Amino acid sequence: QVQLVESGGGLVQAGDSLRLSCAASGDLFTTYLLGWFRQAPGKEREFVAHIRWSGSSPTYADSVKGRFTISKDNAKNTVWLQMNSLKPEDTAVYYCALRVTWRLDFDYWGQGTQVTVSS
């Protein structure tokens, strides 16, 4: 079993920064990717960023490229999402997710953390 626990959400103003964290625990030996997704009210969940378990190959959605940075603390099994220059359209529930090596989908999800950006 895998557990993912997010933290760091909150209410900020446009242009501010936030850092989200995702602590992973459990059976992590077959982890391939750790990712962040978000879901705004009335919209479908969308990909934000992902990174390999090794901490390499960060990948971003075009909407956040240049503003968000995903990184991994290998010693703590924690993934960070540094979000700068936040915009009101970044308002959403942000979810951490994990994909194992033999699956194409992200099968493990955290409970989500709310990020609200006011204009």
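Contact means that heavy atoms lie within 4.5 Å of each other. The model is predicted, so local features need pLDDT of at least 70 and side-chain atom pairs count only at pLDDT 80 or more, while totals for chains, interfaces and linings use all residues. Residues are numbered from 1 along each chain as its sequence is written, and side-chain values use heavy atoms, with hydrogens and water left out.

**Exercise 1. Tyrosine 94 and the core**

Task: State which residues tyrosine 94 is in contact with, leaving aside neighbours within four places in sequence, and describe the largest nonpolar core.

Solution.
- Step 1. Tyrosine 94 is in contact with Glu6, Leu20, Trp36, Phe37, Arg38, Val48, Phe68, Leu81, Met83, Gly112, Thr113 and Val115, its neighbours within four places in sequence being left aside.
- Step 2. A nonpolar core is a set of buried Ala, Val, Leu, Ile, Met, Phe, Trp, Tyr and Cys residues joined through side-chain atoms within 4.5 Å. Buried means under 20% relative accessible area, exposed over 50%, and partly exposed in between (1.4 Å probe, protein chains only).
- Step 3. The largest nonpolar core has 30 residues, of which Trp36, Leu81, Met83 and Tyr94 touch the most other members.
- Step 4. Elements that give two or more residues to this core include β1 (2-7), β4 (31-39) and β8 (78-83). The largest share, 5 residues, comes from β9. Strands (E, at least two residues) are DSSP runs, numbered from the N terminus.

**Exercise 2. The disulfide**

Task: Find which cysteines form the disulfide and where they lie in the chain.

Solution.
- Step 1. A disulfide is a pair of cysteine sulfur atoms within 2.5 Å. The structure holds 1 disulfide.
- Step 2. Cysteine 22 and cysteine 96 form the link, with sulfur atoms 2.0 Å apart. The angle about the S-S bond is -75 degrees, and the link is left-handed.
- Step 3. The pair links distant parts of the chain: cysteine 22 is in strand β3 (residues 18-26) and cysteine 96 is in strand β9 (residues 92-100), 74 residues apart.
- Step 4. Cysteine 22 has a relative accessible area of 1%, so it is buried. Cysteine 96 is buried too, with a relative accessible area of 1%.

**Exercise 3. The partners of β9**

Task: Is β9 largely enclosed or open, and how many bridges does β9 form with β4?

Solution.
- Step 1. Because 8 of the 9 residues of β9 are buried, this strand is largely enclosed by the rest of the structure.
- Step 2. Two strands pair if DSSP finds at least two bridges between them. β4 and β9 pair in the antiparallel sense over 8 bridges; leucine 33 has arginine 99 in β9 as its bridge partner.
- Step 3. β9 also pairs with β11 in the antiparallel sense, over 3 bridges. Here valine 93 stands opposite glutamine 114 in β11.
- Step 4. With strand β10 (residues 108-109), β9 forms an antiparallel pairing over 2 bridges. Leucine 98 has tyrosine 108 in β10 as its bridge partner.

**Exercise 4. A sheet of 4 strands**

Task: Give the order of the strands in the open sheet of 4 strands and name the edge strands.

Solution.
- Step 1. The order is β1-β3-β8-β7, and the pairing is antiparallel.
- Step 2. β1 and β7 are the edge strands, as each pairs on one side only.
- Step 3. β7 and β8 pair over 6 bridges, and serine 71 has tryptophan 80 in β8 as its bridge partner.
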